[in-house]
Structures are given as structure tokens and as C-alpha cells.
Amino acid sequence: MRSIFKTGAVALASATMLSGAAFADGHALSGELNIFSDMSNPAPRAVMEGMVERFGAEHPDLEINLVITDREAWKTQIRNVLQSGTADVVNWYAGNRMAPYVDAGLFMDISDLWEESGLTETLASTQGSMTMDDGIWGVPYTYYQWGVYYREDIFAELGLEAPTTWEEELANCQAIIDSGRACYTIGTKFLWTAGGWFDYLNMRTNGYDFHMALTAGEVEWTDPRVRATFENWQTLIDMGAFIDDHQTYSWQEALPFMVNGEAASYLMGNFAVAPLREAGLSDDQLGFYQFPQIDASIEMGEDAPTDTFHVAANAANVEAAEAFLLFVTSAENQTLINNGENLGQLPVNANSAVDDDEFLNAGFDMLSNNATGGIAQFFDRDAPAEMAQVAMQGFQQFMVDPSTLDQVLQILEQARSRIY
């Protein structure tokens, strides 16, 4: 086996594809397998290269060409690569972010692979995020929870418990404000963090299905149910729950407010834990809770962004490509690549072990046992890119000046009418 590691969107048009032996009957795979990945940051890159090496060792007659491209650059290059016919496997994202490539016929429907290999059972929690138009268009390889990370020591000082209801959340927030702190730190300079707040408030106010219909353009932004979401948000804004001038901070720049005790909590993805620890907070000071219930009749939906692999529709070595996807999603590989020394995220295979980390265990338990409403991908993945940009600008504007709500909703509705 030769694994050829390349960087940049290097075309493999001259690669000669050989027919691979069927992996299902136990014969060795052969030919070439061309994988294009956006796992360019140091830790993900090491994970990707390690997977290729281990998979290649199992199939010594298979030549694997791995092309790693910068994540941001890949967003503009993936379509050209898929259309060129040079890729067998590509990295991408779940949910609505798949739609342009599903609609264009550039991803392969691998529903049969899911059924025949038992993925419908082992990857059940993420199947919905990979499903579109009655087909399954790839496999997940990692995901992570969102939720409220908070200062347990500040809560203890004020005699507060982690809330489970909206009423408890508001009461806690008032106590925190009365102590001279903000309830939440947030940096909306790059907009997407406000999208997280909208996701949770909308899913808790109206439910996951409504939220998905809204991001799909099926609901008007001027609908009274959307306004109800913003009214719940405004309750917090009017209390003074958020730090001042949040529009001037990135998400990282908002971390010191929590580290220094000027804010008590942060609605964020699990990737915030490492920098909070690095800034000096111990696990005795940090806690995590699921965003509280607003309407008891609505099941809890969660944001759990999911990264994925897909087989190109015109892949030359489909058998090797599908075998690689099964390898990636195997319980053993999932346990390894998602542990704290690698991606530090959650395995997608129900038979995998979760790394012994307080927050990973909390997230795995939440997503496995208390996310019956559904798993959303995050606003800027669930909505088309142009709509997401307009909407998140509106979210930020609303947070800065809630009196502009009518204007914001009109702008969003005009964008919906134009884009969908």
C-alpha cells in the first residue's frame, strides 16, 4: 500500500483508476482510492492521516491518494473537485449543507450500504442528518454537543442549581445580575454565535420540526410563532443578561468574561472547554447543562454539528470508497479518533466508548438520551448560506437593539422570498 499525502486542491485527473475487488466477499481491495479532505488543522490532519495509514495497512494492494485542503478554501473548491471526476471520497457536513451536492447529483446515495452493514442501528442518532429526498448521502465521523457551560463556583456562591426550566433559568439570571455579573458572555462579531441562541430559543419555543421548516424556507419570518421566539430572547436582553458590546468580540474574545467571573455562563459548543481550561478554570469550576425547557409539550431538540464523509457520484472505485466509510464509522475507529488526544469530540457509533471526560460524557448522555426532538446542525448549516448570512446579521442587530425587531423580521422575510 502506498498512501500519498498531498496538500492543496491538486487535481488527480491523470490518475489511472483500477477496478477494486468487492470488499464484502473478503477479497483485498485494489486500485486507487482518491480522498479529498478539509481536515487541515494540526489535530484533525493527524487524525485523517492516521485513518488512511490504518485503512491502507488492511488493504496492501490499494493505493490511497489523500489530498488535504484548507477548510475555508475547500468550501469553494469541493464542487469543482466533485465535477472533475477525480474524487472517490470527500469530507463535508451533514444536514442542509449537503443539499446543493445532493440536488446536483454529485453525492452518491449509499442507503443500501447503511441497511446492509447495520449502520441504521449503530449510527441511528445521526441518520436523520444524513437523510434527504429518501436517500442517505454519506456517513458522519464526529459530532459535538452545544449547551450552557457555566461557572459552578459562582452558582454555588449564589446558591443556584443548574436550571431545567425557563422559569428557573430566568430566576437564576436575575440572581446573577443582582450579584453584579452578566448571565452570559457572547461574542457576536462573526455573527454565528447569535445563530446558536436563535436555534435554541426557537427549538424550545416552537420545536425542532418548526425550526427545520423555518430554515428550509417553508415558514414566513413574520409568522407569530417566530415572533414568540424573539420575545423570549428579548426577555433576557431587557434584563441585561448579556455582556455589553458583544458585537465587538469574537467568540474567543468573549471567553475572558467567564474566566474572570464577570459572566457566569456561555451557550457554546464543546470546543470552548479546552480554551477555558487553558485559561485556568478547573473542572471543579466548570459545569454543563442542557438548554432549559421552555414549553413542556415540546421535545428537546439539540444542536450537534456533524462532520461527514461522502462517496462522489462518479467515483471510480466505489467499493474501496464504501469500505473506507465503514472503516471510519467502525466502533473501534470512532473510539480512537474522538478521544481527548485526537479530535476530543463525540463518537457517532453507539457501540463506541466515550473518552473519560466530564463534558464529553455529559454531551453523549444528553444527545443519546434527552434529544428526542431531533438533532439540528446549527443555523448556518441548516439554512442556505445566503439566508443564514442575512438572518444572523438580523439576530445581531436585534440583540444590540430589540426595538428593531419589526424591521429585522421584514428584512428576513424579504430574503426568504428571494432566496427560496
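How many nonpolar, polar and charged residues make up the lining of the second largest pocket? In this predicted model, that lining comprises 7 nonpolar, 7 polar and 2 charged residues. The second largest pocket holds about 300 Å³ of space, and of the 16 residues that line it, G95, N96, T131, M132 and M212 lie closest to its centre. Two or more lining residues are given by each of α6 (124–130), β5 (131–132), α10 (208–215) and β14 (374–376), with α10 providing the largest share, 4 residues.

Divided by class, the lining of the largest pocket has 24 nonpolar, 10 polar and 12 charged residues.

Helix packing was examined for α9 (residues 192–206) and α11 (residues 224–239), which pack at an angle of about 120° with their axes 9 Å apart, α9 passing α11 in a right-handed crossing. On the α9 side, the contact is formed by A194, W197, F198, L201, N202, T205 and N206, which meet R225, V226, A228, T229, F230, N232, W233 and L236 in α11. The residues of this contact divide into 9 nonpolar, 5 polar and 1 charged.

How values were computed: Residues numbered from 1 in each chain as written. Predicted model: local features only at pLDDT ≥ 70, side-chain atom pairs only at ≥ 80, totals over all residues. Heavy atoms only, no water. Axes fitted to C-alpha atoms, helices over the stretch in contact; angles between N-to-C directions. Left-handed = near helix turned anticlockwise from the far one by under 90°. Contact = heavy atoms within 4.5 Å. Nonpolar A, V, L, I, M, F, W, Y, C, P; charged D, E, K, R; others polar. 1 Å grid on protein atoms, 1.4 Å probe; cavity = no way out; pocket = protein on both sides within 12 Å on 5 of 7 lines; lining within 4 Å. Points joined across faces, edges and corners; volume = space filled by probe spheres on them.
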